Amino acid sequence: MAQLTGSIVKYPARNLVAWYVGLIVVGTIVLTLSICRGAGAPEITFLDAFFTATSAGCVTGLAVRSTPHDFSFTGQLAILLLIQVGGIGIMSITTFAMFNLGSKPSLRARAILTETLGADDNTDLKWILQHVLLVTVVSEGIGFAILLARNLFLYEPGKAAWHALFHSVSAFCNAGFSLHDDSLVSFQGDVIVNVTISGLIIVGGIGFPVLLDLYKNWRRGPLEGWVNLHLHSKFMLFGTAFFLLAGFGGFLFLEWNGVLNQMPLWKKLLVSGFHSVTCRTAGFNTIDLTSLTNATLFISMILMLIGAGSCSTGGGFKVSTVMVMALHAWKTFQGATRINFARRTIPSEVIQAATATALLFSFVAIVALTMLLVVQQSSTPHPNSPGLFLDAAFEIVSALGTVGLSTGFTGTLSDLGKLIIIALMFLGRIGPISVFAALSMTQRNTPVEYPKEEPLIG
């Protein structure tokens, strides 16, 4: 125990893991209480409560039980609190509380917050935390107000307010939990709901460092403000715009004569845009995913793997990671020895970290898919299981990217299958590298250096 405690103190990532484990454990215990079960609903088993608490705390959105029917208002409130705390980061909340109580955060707490929010050693953490919470409250408040005004035309005031609050928080935190069993399919043609939810998803998924950077520089004017933005912010703005447009165009093209066939043009554009946004780890859907083509599902998987921004409410191996790798590949093909962008040179350590992140993410996905196929389909011949491989792969990517989209495979999971998905959701929220670093026993230096020899690549 002493060694484990010492490890947590020494490595901030382990502390972050411990906090999220604690959040999930508390959520699991609460959701198993009878007060959280909906009227007439079957008993919430420990495993189902564990799955739901992990999905909510890790802002994923995959569900093995119906949120509107199997959980009472108390249960739904518990899920919402797990989403909120998991979305903005439990360490952000606790450190903010320490600041306001007058006590100074420890060096360990500063290190955790630096890792979570992308701060540097000279950053006023109190200012950052205040503005993180301010952005959260303002964004969710605006979303709540708009959705409430829309819901008042559909429900009585109490229900309208609860639905507006739940979906506003769920959207900003990129959680994907909905109080409708069909997610948002019933709002497929509702422009107000689609635009509001999409806006919340983008703001929550772009990352707090980018939002704070934009806030600091917006008064300088477009040109000067852009020049003074951090390189990470420029990467995120470029990358987010590119992947949103690519997802929109791909979905529109591939499904023009598919699920979009009978829709008017404005609705085709609306549905395509929403699907592209929600693949950024949000998990809502306005169309039946089982009706999509294999090509569309595969492109959706790529978008889910990439995910949102670093230090955001979203998951994936991050837009900035892809931007660094793409720029590195392009410059390497050109024969460049340095990777320069926007009058900045990207350190080789960052390139190595981006490559390691993508490789580790992919490795975890491959191992998890293998395990899930063995658990779920090992006794079923391929001709008797058409489409199940793609469904399983889609589920794995959705869980690891903390997205929450599903082709219906979640409801077929065995107990072992649920445990695999639970582990993936946790890994996806914390980040594979953070978890593996948290579990590593020691940090070893290698003083001996041997003669260098280069293997053949490519």
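User: What is the mean pLDDT of the protein?
Analyst: The mean pLDDT is 86, and 85% of the residues reach 70 or more. pLDDT is the predictor's confidence in each residue, from 0 to 100. This is a predicted model, in which local features need pLDDT of at least 70, side-chain atom pairs count only at pLDDT 80 or more, and totals for chains, interfaces and linings use all residues. Residues are numbered from 1 along each chain as its sequence is written, and side-chain values use heavy atoms, with hydrogens and water left out.

User: Where does pLDDT stay under 50?
Analyst: Over residues 1-9, for which the model has 8 contacts beyond four places in sequence. Contact means heavy atoms within 4.5 Å.

User: Cavities next. How many of 30 Å³ or more are there?
Analyst: The search of the whole structure finds 3. A cavity is a set of points, on a 1 Å grid over the protein atoms alone, where a 1.4 Å probe fits but cannot get out; lining residues have an atom within 4 Å of a point. Grid points are joined across faces, edges and corners, and a volume is the space filled by probe spheres set on the points.

User: What lines the largest cavity?
Analyst: The lining is Leu147, Asn151, Tyr155, His163, His167, His180, Leu184, Phe187, Val193 and Ile197. Helix H8 (125-151), helix H9 (157-172) and H10 each give two or more residues to it. Helices (H or I, at least four residues) and strands (E, at least two) are DSSP runs, numbered from the N terminus. The space in this cavity is about 90 Å³.

User: How does that lining divide by class?
Analyst: Into 6 nonpolar, 4 polar and no charged residues. Ala, Val, Leu, Ile, Met, Phe, Trp, Tyr, Cys and Pro count as nonpolar, Asp, Glu, Lys and Arg as charged, and the others, Gly among them, as polar.

User: And what is the volume of the second largest cavity?
Analyst: About 60 Å³. Its lining has 6 nonpolar, 2 polar and 1 charged, and includes Phe243, Arg280 and Val319. Helix H13 (231-254) and helix H15 (294-306) each supply at least two of the lining residues.

User: Switching to pockets. Which residues lie nearest the centre of the second largest pocket?
Analyst: Gly61, Ala63, Asp181, Ser183 and Asn285, out of 29 lining residues. By class these 29 are 9 nonpolar, 16 polar and 4 charged. The pocket holds about 550 Å³ of space. A pocket is an open set of grid points with protein on both sides within 12 Å along at least five of seven lines.

User: Is Gly207 buried or exposed?
Analyst: Gly207 is buried because its relative accessibility is 1%; buried means under 20% relative accessible area, exposed over 50%, partly exposed in between (1.4 Å probe, protein chains only). Gly207 sits in the loop between helix H10 (191-206) and H11 and touches Ser310, Cys311 and Ser312, leaving aside residues up to four places away in sequence.

User: What about Lys318, where is that?
Analyst: In the loop between H15 and helix H16 (319-333). Lys318 has a positive phi of about 85° although it is not a glycine. With a relative accessible area of 16%, Lys318 is buried.

User: Which loop holds Ala342?
Analyst: The one between strand E1 (340-341) and strand E2 (344-345). Ala342 also has a positive phi, about 55°, without being a glycine. At 33% relative accessibility, Ala342 counts as partly exposed.
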